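This report describes the fold and the surface of one protein chain. Please look at the sequence and the structure before reading on.

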Amino acid sequence: MSVQFTPHVKAVRDLYRRSLRLALDWAVQRNLWRGQAVYIRSLFDANRNVNDPRRQRVLFLETEKLIDKWKHPDPYRPPTAPGGSKYERNIPPPDLPPPSKHIREAL
């Protein structure tokens, strides 16, 4: 059974995940990041029961501005991920079929 989320819940969840990733960009070590993650969670929980759509929109836009303000110039990427320092390094050779007979004779 799948749970259906409203667009607002999806947007807040996306905003929360982006803020956690942004905090991880600034503090790569997990033990330092964990304290920041707990603080970010407390900020989101403090506004959990806001039901006024206008106030929700204001909070959403303020958080978007903060994320843009604190965006890291060189975000952390795992080395083997696209954009990482080891991405596609030493990739295995392609599995090609053997050359056909007329190509082998030409060699």
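## Basis of the model

This is a predicted model, in which local features need pLDDT of at least 70 and side-chain atom pairs count only at pLDDT 80 or more, while totals for chains, interfaces and linings use all residues. Residues are numbered from 1 along each chain as its sequence is written, and side-chain values use heavy atoms, without hydrogens and water.

## Overall fold

The chain contains 4 helices and 0 strands, where helices (H or I, at least four residues) and strands (E, at least two) are DSSP runs numbered from the N terminus. Along the sequence, the pattern is α-α-α-α.

The C-alpha trace spans about 80 × 35 × 25 Å along its principal axes. Of the 107 residues, 17% are buried (under 20% relative accessible area, with exposed over 50% and partly exposed in between; 1.4 Å probe, protein chains only).

## Surface patches

Val3, Phe5 and Val9 form a nonpolar surface patch, with about 270 Å² of accessible area together. Accessible areas come from the Shrake-Rupley method with a 1.4 Å probe. Phe5 lies in the segment before helix H1 (7–26) and counts as partly exposed because its relative accessibility is 41%.

Lys10 belongs to helix H1, and its relative accessibility of 42% makes Lys10 partly exposed.

Note on methods. Patch = residues over 30% accessible without salt bridge, like charges linked within 9 Å, V, L, I, M, F, W, Y side chains within 5 Å. Salt bridge = Lys/Arg side-chain N within 4 Å of Asp/Glu carboxyl O.
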